[in-house]
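This report describes how the parts of a two-chain model are arranged and how they meet. The individual chains are treated before the contact between them.

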Amino acid sequence: MSDIRVHAGGLFTTVQDLGRPGHYRIGMPPSGAMDQYSASAANLLVGNEPNTGLLEATYIGPTLEFTDHRLIAVTGATASVTVNGEPVEAWTAVPVGPSDVLGFSMLTAGARLYIAVSGGIDVPVYLGSRSTYTLTGIGGFDGRKLADADRLPLGEAGTRARAGHSVPESLRPEFGTPAELRTIIGLCSYRLTERGLKTFLDTEWKITKDANRVGYRLRGGSLEFTDRAQPFGAGSDPANVVDLGYPVGSIQLPGGDEPIVLLNDAVTGGGYATTGTVISVDRDRIGQAKTGETVRFVETDLDTALTARRERAARIDTIREALTGN
Amino acid sequence: MDTPTELPPARYEYGGDEFLFVELDQAMSLEANFKGMAVTNALRELDIDGVIDICPSNASYMVRIDPDRLDPRELVEELRGLEASVGELPRDYVLHTRVVDVPVLFDDPWTRETLMRFRDNHQDPSGTDLEYAARINGFDGVGSLIEAISSAPYIVTMLGFVPGLPFCYQLVPKERQIEVPKYVRPRTDTPERSFGFGGAFSVVYPVRGAGGYQLFGMAPAPVFDLDQRLPDFAAGIVFPRAGDVLRYRTIDRAEFDRIRGQVEDGSFRYRIREASFEPARLIADPDAVNRELLEVLYR
């Protein structure tokens, strides 16, 4: 039997790949792995292409039993990883066989584990992707998080990867705090006074318990809006704008004291003033930040964002080359 | 008759490296919405490699790009060109669209229960959202507010927030537009099919989830059907389209329950009629155009 038996689903474990682009206009966000770099690395380690179905586990890892011979790799957050109770290396291709059980201890850094299996998690492709979007129950395993006793179908494994290969330390992400999130200020940032914008950038924001794949709500400061006669159609609250599109990574400011950073399962639009957008590469970082930790927004520009994106792609290429020996 | 709205120059903003946000105006107007429709339709026809999503919004629009294939700066140049060439609809332009009857049970028990749970997130914790909206819009009571909402149809000016949610703008002169703020802090819960109002827009929430709009009622029929069980969803999982004209018709509990039964047994169909109108005439005399649209719908 080519599947995985889920002994324990963990807290919030879903099937993801690199996302489902192309449906934003009807209000459907891309979903996909929150930390795209770690997810790509995990897939490469086991010989899969980066955009292959894998598991994303938030805060608490699942317990999984294998039914055939596979390579697995765990990346992302730091936790001790065990197979049949014996420690194994993370960021490394590890062979498993029938009845082997993968388990995790508590995370010590980061928020999300990525678990790739050679051949990939072979749930049906929906609108071009295996990613789970739980808000509407789309994609992944029945559109939901894993539950105890689920059985996950696996795809056919290739022969490219070799057990024991690992991603060098220098290419693994670090999760220092506060998480520094490079942000292009703009969108409706004109709603803030100069002092309000300065407070936004100077504040060390704390991640509240409302932090999930849709977005992270933050607390820690109060931002001053400019006085204005509200434009027609916006609504009378100073944080209200005529409803508009929200980029993935955009930061909105309801009430002026509860910024929300939208992430992969973002709501695609709404009527709260937005003040900027976290660059795509640093969405990987906030995806590894957890409730109670702090983040800072660091102003940056488009050039820096594009360079960071190219550098991330180059790191992924380096991993690929190191593993395949090309 | 309204004075036509003069739009300011568009404002181009980078939403990180993957999005471009273009604000056509800070205020809502049909002019801004139709300009967004014209530019985004033209952009779609250009079929540029690296453009992933084109999202017309109320008085703005947004484009998602793959920056590995398309430099966001090049797209800005392209859009500036389109703004100059197609940013204004010809006066004799005719919009072909659908007019749809959308039943709503106002002041229903489910949204009432939800809004009472989130009073701390609201401007006025003492009453209901309907009472608050009636008062700040100068109506003599909830009944006249509901009458004003259901008397004239709305045009869908944006889809988004969650899959299938239609933002709808009423086809009445500006002085009769209803306007309410969004919640001070968004709710973390909203029932599926809630009818809400925020700014000058009405919406039907497709699925249960967060939300910041004032809650006025509940629609018995879905705007989102993942399983595509109902005939109106044969072509896709969401029903509304940008440019649709929706009439929110007040119904009582008995009709609500009857429609729920039809939705559950798979026989429900929206009342839909094909119609066309000239946006220029709509802007000049909304009452005349909306009377004609309602005649087409109920003929």
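The model is a predicted one. To the contact between them, domain 1 of chain A contributes 27 residues and domain 2 of chain A contributes 19 residues. Together, domain 1 of chain A and domain 2 of chain A bury about 1700 Å², with 46% of this area on carbon and sulfur atoms.

The polar side of this interface can be described in some detail. Between domain 1 of chain A and domain 2 of chain A there is 1 salt bridge. A salt bridge also joins the side chains of A:Arg213 and A:Glu56, at 2.8 Å from N to O. Residue pairs in polar contact between domain 1 of chain A and domain 2 of chain A number 17, counting pairs with both residues at pLDDT 80 or more. On the side of domain 1 of chain A that touches domain 2 of chain A, two or more residues each come from strand 2 (12–16), helix 1 (36–45), strand 5 (70–83) and strand 8 (101–117) of chain A. Strand 8 of chain A gives the most to that side, with 5 residues. By residue class, the side of domain 1 of chain A that touches domain 2 of chain A consists of 14 nonpolar, 10 polar and 3 charged residues.

Chain B contains 8 helices and 12 strands. With a radius of gyration of 20 Å, close to the 19 Å that the globule rule gives for 299 residues, chain B is therefore as compact as a globular protein of that length. Its C-alpha atoms occupy a box of roughly 55 × 40 × 40 Å along the principal axes.

Chain B is likewise assigned two parts, domain 1 (11–88) and domain 2 (96–298). The C-alpha centres of domain 1 of chain B and domain 2 of chain B are 27 Å apart. Here 10 residues of domain 1 of chain B touch 13 residues of domain 2 of chain B. In domain 1 of chain B, the residues that lose the most area to domain 2 of chain B are B:Met28, B:Leu30 and B:Asn58, which together account for 50% of what that side buries. Between domain 1 of chain B and domain 2 of chain B there are 0 salt bridges, and 2 residue pairs are in polar contact (both at pLDDT 80 or more). Helix 1 (residues 30–46) of chain B supplies the largest share of the domain 1 side, 5 residues.

| Interface | Buried area | Share from carbon and sulfur atoms |
|---|---|---|
| Domain 1 of chain A and domain 2 of chain A | about 1700 Å² | 46% |
| Domain 1 of chain B and domain 2 of chain B | about 1000 Å² | 74% |
| Chain B and chain A | about 4700 Å² | 60% |

The contact between the chains takes 62 residues from chain B and 60 residues from chain A. Chain B and chain A are linked by 8 salt bridges. A salt bridge is formed by the side chains of A:Asp303 and B:Arg73, at 2.9 Å from N to O. There are also 28 residue pairs in polar contact between chain B and chain A (both at pLDDT 80 or more). Elements giving two or more residues to the side of chain B that touches chain A include strand 1 (11–15), strand 2 (19–23) and helix 2 (72–86) of chain B. That side of chain B comprises 32 nonpolar, 13 polar and 17 charged residues.

Terms used. Residues numbered from 1 in each chain as written. Chains lettered and ligands numbered in written order. Predicted model: local features only at pLDDT ≥ 70, side-chain atom pairs only at ≥ 80, totals over all residues. Heavy atoms only, no water. Contact = heavy atoms within 4.5 Å. Buried area = accessible area lost by both parts, 1.4 Å probe. Salt bridge = Lys/Arg side-chain N within 4 Å of Asp/Glu carboxyl O. Polar contact = N/O pair within 3.5 Å; in protein donor to acceptor, adjacent residues only side chain to side chain. Helix = DSSP H or I, 4+ residues; strand = E, 2+ residues; numbered from the N terminus. Nonpolar A, V, L, I, M, F, W, Y, C, P; charged D, E, K, R; others polar. Domains from an automatic or database assignment. Rg over C-alpha atoms; globule rule 2.2 N^0.38 Å.
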